[in-house]
Amino acid sequence: VLSREAILRNAVSQEEEQYVSGVMERDFATVEHNISLENLMEKLERDSRDPIVVVDGEKFCGLIRRDKLIEFLYVQGLRTSQRALFDNQADQDYHL
């Protein structure tokens, strides 16, 4: 994985020619594709490596960036709040 941090860390290098293999991260966190969001968040609390590699056994499925996961959870929370507000309003309108 070539992380943003690795790129920035090596951007100040004095070497004229660099290769991906010299700056890429080889030690990264992995999760199975069927992990729950709750368990993923618990793992992220214990492990600061970013991004997280998603696998299905030995097969690569994708990457999850911590900032994008937090953004997703925030949006999901807003949707849940809006849905609850709408349902509450609909119940009040029904009883009128």
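1. A search of the whole structure, which is a predicted model, finds four salt bridges, a salt bridge being a side-chain nitrogen of Lys or Arg within 4 Å of a carboxyl oxygen of Asp or Glu. One of them joins D27 to R49, with the closest N and O atoms 2.8 Å apart. This pair links distant parts of the chain, since D27 sits in the loop between α2 (20–23) and β1 (30–32) and R49 in the loop between α3 (37–46) and β2 (52–56), 22 residues apart.

2. D27 counts as exposed, at 56% relative accessibility, R49 counts as partly exposed, at 28%, and D47 counts as buried, at 13%. Another salt bridge is formed by the side chains of R65 and D67, at 2.7 Å from N to O; here R65 is partly exposed, with a relative accessible area of 35%, and D67 is likewise partly exposed, with 37%.

3. On the conventions, residues are numbered from 1 along each chain as its sequence is written, and side-chain values use heavy atoms, with hydrogens and water left out. As the model is predicted, local features need pLDDT of at least 70 and side-chain atom pairs count only at pLDDT 80 or more, whereas totals for chains, interfaces and linings use all residues.

4. Confidence should be kept in view throughout, pLDDT being the predictor's confidence in each residue, from 0 to 100. The mean pLDDT of the chain is 81, and 82% of its residues reach 70 or more. Confidence is highest in β1, at 95, and lowest in helix α4 (residues 66–95), at a mean of 73. Where pLDDT is low, the predicted coordinates should not be read in detail.

5. As to the overall arrangement, the chain has four helices and three strands, where helices (H or I, at least four residues) and strands (E, at least two) are DSSP runs numbered from the N terminus. From the N terminus on, these elements run α-α-β-α-β-β-α. Of the 96 residues of the chain, 16% count as buried. With contact meaning heavy atoms within 4.5 Å, 29% of the contacts between residues at least 6 apart in sequence join residues at least 24 apart.

6. Strand β2 takes part in two pairings, two strands being paired if DSSP finds at least two bridges between them. With β1 it pairs in the parallel sense over three bridges, and V54 in β2 is the bridge partner of V31. With strand β3 (residues 59–64) it runs antiparallel, joined by five bridges, and I52 stands opposite I64 in β3. Four of the five residues of β2 are buried, so this strand is largely enclosed by the rest of the structure.

7. Two backbone details deserve a check by eye. β2 and β3 form a hairpin with two residues between them, and G57 in the turn has a positive phi of about 70°. The peptide bond from D50 to P51 is cis, with omega near 5°, and P51 is placed in the loop between α3 and β2. For context, most residues other than glycine have a negative phi, and most peptide bonds are trans.

8. L69 lies in helix α4 and counts as buried, at 7% relative accessibility. Leaving aside its neighbours within four places in sequence, L69 is in contact with L37, L40, M41, L44 and I64. L69 and M41 are 28 residues apart in sequence and 9.1 Å apart in space, C-alpha to C-alpha.

9. L2, I7, V20 and M24 form a nonpolar patch with about 330 Å² of accessible area together, and V20 belongs to helix α2. Patches are made of residues with over 30% relative accessible area and no salt bridge, like charges being joined within 9 Å and nonpolar side chains (Val, Leu, Ile, Met, Phe, Trp, Tyr) within 5 Å.

Notes: Buried < 20%, exposed > 50% of the residue type's maximum accessible area, 1.4 Å probe, protein only. Areas by Shrake-Rupley, 256 points an atom, 1.4 Å probe, with all protein chains shown as cover.
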